[in-house]
Amino acid sequence: MTPQAPNIDLKSGLLLLVLASVWGGFFFFAEIALREIGPFTIVLYRVFLAALALFLVVRWKGIEIPRSIKVWLCYLVMGALNNAIPFSLIFWGQVTIDSGLASILNGTTAVFGAVVAGLLLVDERLTARKIIGALFGLFGVAVIMGFDALTNFDLRNLAQLAILGAALSYSFAGVWGKRFLGGYPPLMNAFGMLVGSTLLMIPVATLTEGSPTLTLSVEVWASISALAFLSTAFAYLLYFKILAQVGSANLMLVTLLVPPMAIGLSVTFLNEHIGTAAWIGFAFIAFGLAITDGRLLGKLKGKITYG
């Protein structure tokens, strides 16, 4: 039986809220930056500046930087799966759909991640509970997109599918990181994958959107800086701190907190409107995550169960 996850105390709970806020702000800041530059250029700025910030932290902590080509190839793949591909898909999707809706669709990451890990990792078997949780999550997505989406593809539907593709990419990144990067310090892994994603995004952004420009408004530069330093570099530092305190199972709960944070920002400052279908879909996604996690339902039965 898997050991019980540590309880969340007040301090850890507050840290979870802070992490949800900076990750929720990711969608909000992207919406502002997209007013002046393309999605791939935003990704490049984000990962490059975040890599610089984490490099300073890695050097300050005296963490040894690997010299093995094999390790850096693993970081390149991790950078593609966890940064370059999902960031690009999310930003591209936000050209068409609102940031609040994007954050809800991205909330499927934890549910998809449990299924992908169950299929590809021998120590995280795919259980009936995880399958049921995934089905609830997919039903929530169908409610959001509309049940006629499969027969009536338009740009909005493609944008929503792009966000789901990002969630799936995050899921494969989790498996890759666990299989190939488990023996290295987490901060080094974060820095390495950001370097990898920067190398990937330089040609992508340049070939599709031209050379990055520095002549941007103060508002857009502020958003890019927030994306890089708050929603990426600081978020990773916070992520690993929370992970050490309460474990990965409790950290999954942040997935439920990010959409309300993102929606609150978008409604307050961008005058976006989230329709009823999106809220109903989010409820199904949240319930799917609760089933996948298992502890909430276990407590309702008077005990904690694990699949």
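**Exercise 1.** Determine how many aromatic pairs the structure holds, and classify the pair formed by Phe28 and Phe269.

The structure holds 17 aromatic pairs, where rings of Phe, Tyr and Trp (its six-membered ring) pair if their centres lie within 6.5 Å, and planes under 30 degrees apart count as stacked, over 60 as edge-to-face and the rest as tilted. Phe28 and Phe269 lie 5.8 Å centre to centre with 55° between the planes, and the pair is tilted. Since Phe28 belongs to helix α1 (residues 10-33) and Phe269 to helix α10 (residues 254-269), the pair ties together parts that are 241 residues apart in sequence; helices are DSSP runs (H or I, at least four residues), numbered from the N terminus. Phe28 is buried at a relative accessible area of 10%, whereas Phe269 is exposed at 56% (buried means under 20%, exposed over 50%, partly exposed in between, with a 1.4 Å probe and protein chains only).

The model is predicted, with local features needing pLDDT of at least 70 and side-chain atom pairs counting only at pLDDT 80 or more, while totals for chains, interfaces and linings use all residues. Residues are numbered from 1 along each chain as its sequence is written, and side-chain values use heavy atoms, leaving out hydrogens and water.

Conventions
Helix = DSSP H or I, 4+ residues; strand = E, 2+ residues; numbered from the N terminus.
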